[in-house]
Amino acid sequence: MMLKTSKRVEILDITNQVEKEVEKANSKDGIALVYSPHTTTAIVINEAERGLLEDLINSISNLIPEKSNYIHNRIDDNADAHIRASLLGNAVVVPFENRRLLLGTWQRILFIEFDGPRNRRVIVKIL
Amino acid sequence: MMLKTSKRVEILDITNQVEKEVEKANSKDGIALVYSPHTTTAIVINEAERGLLEDLINSISNLIPEKSNYIHNRIDDNADAHIRASLLGNAVVVPFENRRLLLGTWQRILFIEFDGPRNRRVIVKIL
Amino acid sequence: MMLKTSKRVEILDITNQVEKEVEKANSKDGIALVYSPHTTTAIVINEAERGLLEDLINSISNLIPEKSNYIHNRIDDNADAHIRASLLGNAVVVPFENRRLLLGTWQRILFIEFDGPRNRRVIVKIL
């Protein structure tokens, strides 16, 4: 799945795209690994309420500030993005039955960009 | 698996329940996905020592304070719970062999409630 | 897979060892669960640039300080290590095809020791 982000830090709801992959899978029941191959993005599952997504970004930005005396920034100016991504994790695993994800009522699969805007890729592996 | 939490923030050791699911599974060897379908709870693997569980709650509460100027709280009063849950993750994956989880000596599977008391559900998917 | 750490806090790149396990697996396509059975270590996927790894350790150490009034430390002197490990997670799941991990260009599998030096073990379960 290809994604295009438009800001440095941004959250995209990718639930519908993952659901489409699961609908066309061979197995009716199993798990879907939703995996980002990037090192400055994260994938989490939570509610996609607009205000909450801003709160989430603000909280992570407070914990790991954009600017600090990061050693990595002598090479590349994005240590904060790598560390934020490491804290949240680059993948989630979701169970499915009858080709439907067993997401809870409020759960959405969220792709978090920490070093955009960029073109990004997400791998959905179904077992 | 159904759970009942009795405080706003609380940790339950659910290892025994997960073990029972693995014992009655079709596959002898594989992985168990332990998945919470909620957006204000987390699942982690760590030691279940009482003092440590309190330390864990205190540390997360310091990182993500209960009250702050969260935008989400204009709708619902639990942004802190969503953000804490996102930081820790809503699921763990554990390998098993001969229908026994390959947990380390001190490892326990911990369900963390951040917006209780509530009735909660945990999905155990075995592959 | 056995590992030996040499400092209290240290990051080891274990990508090559995981790749070897995947090369000799029965399945050509699937997922690899890379799982630490310890409660004071973490496994994350990110870039293995030396400066960045130091930044990551510094950031986690700032978020969860080594010394604080941890209750667990009345028993054992490593509450910080348990909490840091809980934040980052004890396992990652990586997809593979044709016996090759689908890691992104900069992605490496990183084992993080928070209470070394010790002998450690990592389980690679392939499905």
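In this predicted model, strand β4(A) and strand β7 (residues 108-113) of chain A pair in the antiparallel sense over six bridges; two strands count as paired if DSSP finds at least two bridges between them. Helices (H or I, at least four residues) and strands (E, at least two) are DSSP runs, numbered from the N terminus. Within this pair, A:T41 has A:E113 of β7(A) as its bridge partner. Strand β4 (residues 41-46) of chain A is mostly covered, with six of its six residues buried. A residue is called buried if 20 or more other C-beta atoms, placed from the backbone, lie within 10 Å of its own. The cover extends to both faces of β4(A): A:T41, A:I43 and A:I45 are buried on one side, and A:A42, A:V44 and A:N46 on the other.

Residues are numbered from 1 along each chain as its sequence is written, and chains are lettered from A in the order in which they are written. Local features need pLDDT of at least 70 and side-chain atom pairs count only at pLDDT 80 or more, whereas totals for chains, interfaces and linings use all residues.

Chain A also holds an open sheet of four strands in the order β6-β5-β3-β9, with antiparallel pairing. Strands β6 (100-101) and β9 (123-126) of chain A stand at the edges with a single partner strand each, so one side of each lacks a neighbour in the sheet. Strand β3 (residues 30-35) of chain A is joined to β9(A) by four bridges, and A:Y35 has A:I123 in β9(A) as its bridge partner. Helix α1 (residues 15-23) of chain A lies across β3, β5 (91-97), β6 and β9 of chain A, at about 35° to β9(A); axes are lines fitted to C-alpha atoms, for helices over the stretch in contact, with angles from 0 to 180 degrees between N-to-C directions.

Turning to the chain contacts, 25 residues of chain B are in contact with 25 residues of chain C, contact meaning C-beta atoms, placed from the backbone, within 7 Å. On the side of chain B that touches chain C, α2(B) gives the largest share, seven residues.

A rotation of 120° with 0.0 Å of shift along its axis superposes chain B on chain C (RMSD 0.0 Å), by least squares on the C-alpha atoms of residues with pLDDT of at least 70 in both. The two copies are thus related as by a three-fold rotation axis. Their surfaces differ, as 20% of the contact residues of chain B recur in chain C.

Note on methods. Two residues are in contact if their C-beta atoms, placed from the backbone, lie within 7 Å. A residue is buried if 20 or more other C-beta atoms lie within 10 Å of its own, exposed if 12 or fewer, and partly exposed in between; C-beta atoms are placed from the backbone.
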